[in-house]
Every structure is written in structure tokens, then in C-alpha cells.
Amino acid sequence: MGSEQFTADDETILSFAVNYTRAIYGSVGIAINRVEDYFISNEQAGGYAVIDQDSEAEFLTSQWTVPNNAIDVFVVKLYVGGTAGLSPVKGTCNKDLPFPTMTGVVIELVDVLTNQVLAHEVGHYLGLDHETDTTNLMYKDVPNGGLLTFLQGIAMSTHCFIEG
């Protein structure tokens, strides 16, 4: 959001985050095949280039969702309040649902931690809850161990956005 604020270095960080997410999910049989980029300018984003509260993240996803069969991930430069991302657990595949239903994922660009924030929040969208094991990607704090289990892979494979 607020694409003018993102630098070439930021785009490199996001590219690494996508590749990291592909590798983690690939280890449990979940393929991330296509990634499409859409840019929303500062003017278009209005006050949502910086997220001050979770309800703004929820509203953002309901206003800017893309009509397709994929998870929309919105990247912002700042998510105030110590939160690096937000996603519903077992996110909807009906992107036409009105606010306050969250129809995507919102993450903050946080340098190298963006890798784990993206992968972690996508895990929530695909149905995973927090884990107590610090080596697991779904451990509540980032950085974490970045690993997924076979059973988590099976659970995610049932989400309607995962093609079998």
C-alpha cells in the first residue's frame, strides 16, 4: 500500500519473502505457483498506507481484494502497535463478503523478518493456528524456527485456495 514508499531494496526483501514462503510450504507439499503484483498508490490507499489498528487491516482487505482464487496479501510499510501482520485463521474463499470479514492478509515490511511474517500469516489464512513449539513457523512470535509439520501440510491442503 502506498507503492511510492517502497524502494528497490523493499521489493528485493519481498521477493526473498515469497521464495522463502515457497520453500517452507513446498516442504509439506503445498505449492505456491503464481504470484501477481498489484500496486496501490498513496492517493488510492488513503489512510491505509499505515495501519493503526486491526480494523483498518480488515477494512483494507475488503476494499481492495482482487477477484481470483488466490490469497491477497497486502504489504504496508508500517503496522502500528507491535503487530507485524494480521490474517484470519481459515480465511474465506468468498472475496465478496463485506467488511468486517477479512478477505486477505496484511503484513508489515520488516526487513529480513518479512520472510517469516509472510509465511506465518499465509499459514493462518490456510487454517493454521498458533503453535507452542518455538521451531514451528506458526509459533506466535517471529522470529521462529520456520518449520511446518506433515500434519500442518495436510490441514492446509484442505483450504479451498489450494489446488489438489
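**Aromatic rings: worked exercises**

Searching the whole structure turns up two aromatic pairs (rings of Phe, Tyr and Trp, the latter by its six-membered ring, pair if their centres lie within 6.5 Å; planes under 30 degrees apart count as stacked, over 60 as edge-to-face and the rest as tilted). Keep in mind that this is a predicted model: local features need pLDDT of at least 70, side-chain atom pairs count only at pLDDT 80 or more, and totals for chains, interfaces and linings use all residues. Residues are numbered from 1 along each chain as its sequence is written, and side-chain values use heavy atoms, with hydrogens and water left out.

**Exercise 1.** Work out how F59 and F99 are arranged, and what their pair ties together.

Step 1: the ring centres of F59 and F99 are 5.3 Å apart, with 80° between the planes, making the pair edge-to-face.
Step 2: F59 belongs to helix 3 (residues 54-64), while F99 is in the loop between strand 4 (85-86) and strand 5 (105-108), so the pair ties together parts 40 residues apart in sequence. Helices (H or I, at least four residues) and strands (E, at least two) are DSSP runs, numbered from the N terminus.

**Exercise 2.** Decide whether F59 is buried, partly exposed or exposed.

Step 1: take the cut-offs: buried is under 20% relative accessible area, exposed over 50%, partly exposed in between (1.4 Å probe, protein chains only).
Step 2: F59 has 27%, so F59 is partly exposed.

**Exercise 3.** Classify the pair of Y125 and F161.

Step 1: their centres are 6.4 Å apart with 5° between the planes, which is stacked.
Step 2: Y125 is buried at 0%, and F161 is buried at 11%.
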